[in-house]
Amino acid sequence: MTHQLLFRQGAWYLIIGLLQIGIDWGVFVLSTFFGMSTVPSNMAGRVTGAAFGFWANGRLTFASEDTGLGRKQLLRFVMLWTLTTVASTLAMVWMTKSGGLALAWKAKPLVDLGLSAISFLASRHWVYLR
């Protein structure tokens, strides 16, 4: 793999990831603002963002003759998503309990940005491969 390919994938992953984090964060904030508790709000945000991210990264970021968007890739994506969602949800619960909802709202994009670095590597080398 060339440096150029890594740069292209990284740039697309960043763009899509920022959109994905924005979608996730928006659903989380709106859900909690209207009274839904932290765990289901975080899950709703993560599911909404993940649906967009799986499709967009498969079609744009990692699209090549060696990758795909089939059942195998979806299963791998769901496994990775489950691990990162558990980590994100535990962080949001901890922050809500320790610092209040305002802290969770502010910290959620940073937590998810950190988790996205791990997700990039797993997606590039495992999730989207045929």
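This is a predicted model: local features need pLDDT of at least 70, side-chain atom pairs count only at pLDDT 80 or more; totals for chains, interfaces and linings use all residues.
Student: Why is Lys-108 called buried?

Tutor: A residue is buried under 20% relative accessible area, exposed over 50%, and partly exposed in between, with a 1.4 Å probe and protein chains only. Lys-108 has a relative accessible area of 0%, and is therefore buried. Asp-112 has 5% relative accessibility, so Asp-112 counts as buried too.

Student: What makes Lys-108 and Asp-24 a salt bridge?

Tutor: The term requires a side-chain nitrogen of Lys or Arg within 4 Å of a carboxyl oxygen of Asp or Glu. The side chains of Lys-108 and Asp-24 meet at 3.1 Å, N to O, and so form a salt bridge. This pair links distant parts of the chain, since Lys-108 is in helix 4 and Asp-24 is in helix 1, 84 residues apart. The helices named here are DSSP runs (H or I, at least four residues; strands are E, at least two), numbered from the N terminus.

Student: How many salt bridges does a search of the whole structure find, and what joins the residues into one network?

Tutor: The search finds 3 salt bridges. One of them is between Lys-108 and Asp-112, whose closest N and O atoms are 2.9 Å apart; both residues lie in helix 4, 4 residues apart, about one turn of the helix. Salt bridges that share partners join Asp-24, Arg-46, Lys-108 and Asp-112 into one network.

Student: Is the crossing of helix 1 and helix 4 left-handed or right-handed, and at what angle do they pack?

Tutor: Helix 1 and helix 4 pack at an angle of about 150 degrees, with their axes 9 Å apart. Axes are lines fitted to C-alpha atoms, for helices over the stretch in contact, and angles run from 0 to 180 degrees between N-to-C directions. The crossing is right-handed; in the definition, a crossing is left-handed if the near helix is turned anticlockwise from the far one by less than a right angle, and right-handed if clockwise. Among the residues that meet are Asp-24 and Trp-25 in helix 1, and Lys-108 and Asp-112 in helix 4.

Student: At what angle do helix 2 and helix 3 pack?

Tutor: Helix 2 and helix 3 (residues 71–99) pack at an angle of about 145 degrees, with their axes 10 Å apart, and their crossing is right-handed.

Student: Why does Phe-77 count as buried, and which residues is it in contact with?

Tutor: Phe-77, in helix 3, has 13% relative accessibility, and therefore counts as buried. Contact means heavy atoms within 4.5 Å. Leaving aside neighbours within four places in sequence, Phe-77 is in contact with Ala-50, Phe-54, Val-127 and Tyr-128.

Student: Why is Trp-94 called exposed?

Tutor: Trp-94, also found in helix 3, has a relative accessible area of 57%, and is therefore exposed.

Student: What makes the nonpolar surface patch, and why does Leu-60 count as partly exposed?

Tutor: Trp-12, Ile-15, Leu-19 and Leu-60 make a nonpolar surface patch of about 350 Å². Patches are made of residues with over 30% relative accessible area and no salt bridge, like charges being joined within 9 Å and nonpolar side chains (Val, Leu, Ile, Met, Phe, Trp, Tyr) within 5 Å. Accessible areas come from the Shrake-Rupley method with a 1.4 Å probe, and for residues only the protein chains shown count as cover. Helix 1 (residues 3–33) gives the largest share of the patch, 3 residues, whereas Leu-60 is found in helix 2 (residues 38–61). Leu-60 has 35% relative accessibility, and therefore counts as partly exposed.

Technical notes:
Residues are numbered from 1 along each chain as its sequence is written. Side-chain values use heavy atoms; hydrogens and water are left out.
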